[in-house]
Structures are given as C-alpha cells and as structure tokens.
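Please look through the sequence and the model below before reading on. The report then takes up a few topics in turn.

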Amino acid sequence: MSANSAEPTDELDVVLLKAGRTKIRYPARLLGDDGTRVTVRADWASDGVRDFGFVRFEPGDVFTEYYWRDRWYAVKEVRDGQGRLKGWYCDITRPATLSGGELVVEDLDLDLWRSADGTAVLRLDEDEFEESGLRERDPEAAAAAVAALDELEVLATVDGGLESLLT
C-alpha cells in the first residue's frame, strides 16, 4: 500500500482540520477507494441537532461522503434516518490524504448546500473565508478554493450535475 491509500480495513477516521488544528474527528466506514476518490459512510457525528435554517443535521442522519485526492472539495450526500435525501453539503477543502486509517482534509471555510429538490443552492461562509486570511497567506490555495466553489455551484444548478460527480 502506498502512503496515500487505505489500510486493509473497512473502518477509518475522518479528520477535518481547520487552521492547522483538528476541528472534528469521527469514525466512518470505507465504501470505496479508486486511487483518486475515497467514499465513506458515517453517522451524524454530533450528539445534538445542528440547525442551519435551511437544513437540520440530527442524530440518525447518514452521510455518504466523497473525497478526492486531486480536487479542492468534498461532497456529502445527507439522508435522514429513514433514508430520505435531505441534500448535499459540499466542503471546500484541500485535496484529501488517506494514510494509516485516517482520511485527512483541511477545511478552507467555503461551503455549498444543495437541497434534495434542487430548489436551494446556497454559497456559505464566504465571510469566514475572507476573514481567514488565506488570500494573503496562500493566494494559490485561495484561488483554487474559489474556483472549486464556482465549479460546484454550476454543477448544483444543472439537473444531474452534482450527482454526476458521485457515480
């Protein structure tokens, strides 16, 4: 196995970094790894409810998460405990790495939400991104992050566009 591939196990930890520190760590089941895209499934990683106003994440929700080693985003399909699709939450991140049973991604503050019915496509946390100072510290990463958000927004507004990433 290479340093950027999964160990022979179905379980791993997803580690989300923000500003160099671990923001959250949670267990997930490895569903697939084709060398470029890693797919995992995880239960909502918090005991409580997180109400964003446009969607609520709560105990029982299941996330099928898609991470790429060569793209600046992750796409998370969110379903409730009965399997009903809530929508897709997309994190703008540096490309993912998988090593030693950990899937590590660095959150770059920008996010996108697309509702299950496609009527809501929301760019999120652009203010946090601007306040992060990434444009000054790492202009190339900042440009890649904005380009990734723009790409996802276009895909989210085209019928079947976002879903085409996940097949």
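## Basis of the report

The model is predicted, so that local features need pLDDT of at least 70 and side-chain atom pairs count only at pLDDT 80 or more, while totals for chains, interfaces and linings use all residues. Residues are numbered from 1 along each chain as its sequence is written, and side-chain values use heavy atoms, with hydrogens and water left out.

## Aromatic pairs

The structure holds 11 aromatic pairs, where rings of Phe, Tyr and Trp (its six-membered ring) pair if their centres lie within 6.5 Å, and planes under 30 degrees apart count as stacked, over 60 as edge-to-face and the rest as tilted. The ring centres of W44 and F57 are 5.5 Å apart with the planes at 55°, so this pair is tilted. It links distant parts of the chain, for W44 sits in the loop between strand 3 (37-43) and strand 4 (50-51), whereas F57 belongs to strand 5 (residues 56-57), 13 residues apart; strands (E, at least two residues) and helices (H or I, at least four) are DSSP runs numbered from the N terminus. W44 has a relative accessible area of 19% and is buried, and F57, at 4%, is buried as well; buried means under 20% relative accessible area, exposed over 50%, and partly exposed in between (1.4 Å probe, protein chains only).

F52 and Y89 form another tilted pair, with 5.9 Å from centre to centre and 35° between the planes. Because F52 lies in the loop between strand 4 and strand 5 and Y89 in strand 8 (residues 85-93), the pair ties together parts that are 37 residues apart in sequence. F52 is partly exposed at 24% relative accessibility, whereas Y89 is buried at 10%. W44, F52, F57 and Y89 are among the members of one aromatic cluster, which also includes W113.

## A hairpin

Strand 10 and strand 11 run antiparallel and are joined by 4 bridges, where two strands pair if DSSP finds at least two bridges between them. W113 has L122 in strand 11 as its bridge partner. The two strands form a hairpin with 5 residues between them, and G118 in the turn has a positive phi of about 80°.
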